[in-house]
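Please open the structure in a viewer and keep the selection tool at hand.

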Amino acid sequence: MKLTEAQIAAIVENVVNKLAEEGAFEKAATGGSGAGDGVFPDVDSALRAAELAQRELDAQTLDKRREIIAVIRRTVEENVQTLARMAVDETKLGRYDDKIKKNLCVAQLTPGTEDCKPIVFTGDHGLTLVERAPYGVIGSITPCTNPSETIICNGIGMIAGGNSVVFNPHPGAQETSAYAVRLLNRAIVAVGGPRNLLCCIAQPTVESAQEMMKHPKVRLLVVTGGGGVVKAAMNSGKKAICAGPGNPPVVVDETADIAKAAHDIVAGASLDNNIICVDEKEVIAVDAIADALKAAMVRAGAHELTGRDIERLTSLVVKERVAPPHESVIDKKWVGKDAALILKELGISAPADPRLILIDVERDHPLLWSEQLMPVLPLTRVRNADEGIDLALEMEHGYRHTASMFSRNIEKLSRMARVVNCSIFIKNGPNYAGLGLGGEGYTSFTIASPTGEGLTSAKDFTRVRRCTLVDYFRIV
Ligand code: NAD
């Protein structure tokens, strides 16, 4: 019997209410019973459990998979405050309110089973069916910047594709990650899904990540992080989907709606204190409008530093300066911290809790060329849009990750969209619109630019299989 969407929603509603009554969500934070909750002491035991879970999932119906995904979405919605609070407390990165937005975004906008559409060919020689099959057990390596978000997003997509997954979280986010895994496993089991469908290593390390990269039970690697982990995964000899770093430039020309550009850039660049890979990392403004843009950005919540304060700030947050076009080494101590904290360290008083620090700098300034991951946004000036686009290309370093432009000139918008050649290009909006937040389309927190999948979704976590029936089953 095929369940309707409404029936699935009713089942999920009941289960979530029952779990809440039993205090299962609170128990997830403290470790609870452990049995079937997906948290394992080592890679080997996690992979063994995940393998059993995947076999069980494979034997269940597609309706069951839809129920599992529905209960994951609801469980995140019910527990989003805890997930956000734990991530801020443990990683000391980002902002609580923004983490709530990010967790809800992945819970609501990550595609489910509908992403794995079958394809049919019919003709004189009969019928061929193409379907998307699971890989089996996927090994996923996740970042400290979006700990629960990546687990939720990967988890939904990988289960939709029929897989189980073992996460090797960032060591600095192990508690939040284990909580998310326990929470979701409890909900999955409560709707009749397999135990240990989502697993993680209790005390993950770079070594345990590397063990997973070589383990024969891992059929597909999915890594989300900086350049080091991407390189390691690509050299692992396994099929790997790699989501790496970026340095998203935003170009603003003289035809742009300046007030909107300023508002959107401040909102985008300050989201979760700029630790999201797609967040705007540098502004390239046409000189004619640069002053007006800065004034509007200040009205939108940025705090501008000038004169000697720019150098003092740079010395604080840049650990080692390297001549452009190379990236400088950023001091991790300031990654993801509030702008107010950075200003306080510099002894600068500012209106309460500014979202962003703005600096107007020459184009050889190290922060323009480096992925700073903090609410410090450098702006530099160019003579015209074409010069801005060319400079943006250099500052993006060929990561092909994310870039954006504010303009009403369709020729320049089209030129930048083509030449910057990124997984995500946003026109006249904050970069998070490219994640589906206030822009159209689904979301993903694993944006695979090096391996080309772009915003990954369930279909990317599947193998394509074909079955051909010769000469029969065409119905016209
Ligand atoms: P990170 O590279 O320090 O860590 C990411 C994960 O990789 C962690 O689990 C870490 O333990 C593991 N790791 C690191 N080096 C490894 C190695 N040599 N071998 C095996 N495993 C290794 O990154 P982070 O600080 O957690 O996250 C921020 C970085 O990730 C930024 O560069 C950001 O742009 C990028 N990121 C990209 C995306 C995307 O979708 N493209 C999403 C989130 C973050």
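The tour begins at the ligand and then visits individual residues in turn. The model is predicted.

**First stop: the ligand**

Select the ligand and display its surroundings. The space that the ligand takes is the largest pocket. Its shell consists of 30 residues, and the closest are Thr142, Cys144, Gly244, Glu371 and Ile447.

Next, show the side chain of Glu371: one of its N or O atoms is 2.5 Å from an oxygen atom of the ligand. Then turn to Ile447, where a backbone N or O atom lies 2.7 Å from an oxygen atom of the ligand.

Which helix gives the most to the shell around the ligand? Select helix 8, which contributes four residues and gives the most. Helix 8 spans residues 206-214, and helix 9 spans residues 227-234; each of the two supplies at least two residues of the shell.

**Second stop: Ser407**

Move to Ser407, in the loop that runs between strand 16 (402-406) and helix 16 (410-420). Is Ser407 buried or exposed? Its relative accessible area is 1%, under the 20% cut-off, and therefore Ser407 counts as buried.

Display the side chain of Ser407 and look for two partners. The side chain of Thr255 makes a polar contact with the side chain of Ser407 at 3.1 Å. The backbone nitrogen of Asn409 is reached by the side chain of Ser407 at 2.9 Å. With neighbours within four places in sequence left aside, the residues in contact with Ser407 are Asp253, Thr255, Ala256, Lys412, Leu413 and Asn428.

**Third stop: backbone geometry**

The following residues are selected for their backbone. Most residues other than glycine have a negative phi, and most peptide bonds are trans.

Begin with Asn428, which is among the contacts of Ser407. Asn428 is not a glycine, yet its phi is positive, near 55 degrees. Asn428 belongs to the loop between strand 17 (424-427) and strand 18 (447-448). Its relative accessibility is 30%, so Asn428 counts as partly exposed.

Continue to Leu373, which also is not a glycine and has a positive phi of about 55 degrees. Leu373 is buried because its relative accessible area, 16%, is under 20%.

Then select Pro324 and Pro325 together. What is the peptide bond from Pro324 to Pro325, cis or trans? The bond is cis, with omega near 15 degrees. Pro325 is located in the loop between strand 12 (318-320) and strand 13 (329-330).

**Last stop: Val120**

Finish at Val120, a residue of strand 2 (residues 119-123). Val120 has a relative accessibility of 48% and so counts as partly exposed. Beyond its neighbours within four places in sequence, Val120 is in contact with Leu127, Thr128 and Leu129.

Val120 and Cys467 are 9.7 Å apart in space, C-alpha to C-alpha, although 347 residues apart in sequence.

Technical notes:
Residues are numbered from 1 along each chain as its sequence is written. This is a predicted model: local features need pLDDT of at least 70, side-chain atom pairs count only at pLDDT 80 or more; totals for chains, interfaces and linings use all residues. Side-chain values use heavy atoms; hydrogens and water are left out. Buried means under 20% relative accessible area, exposed over 50%, partly exposed in between (1.4 Å probe, protein chains only). Contact means heavy atoms within 4.5 Å. A polar contact is a pair of N or O atoms within 3.5 Å; within protein, one must be able to donate a hydrogen and the other to accept it, and residues adjacent in sequence count only if both atoms are side-chain atoms. A residue is near a molecule or strand if one of its heavy atoms lies within 4 Å of it. On a 1 Å grid over the protein atoms alone, a cavity is a set of points where a 1.4 Å probe fits but cannot get out, and a pocket is an open set with protein on both sides within 12 Å along at least five of seven lines; lining residues have an atom within 4 Å of a point. A molecule sits in a cavity or pocket if more than half of its atoms lie within 2 Å of its grid points.
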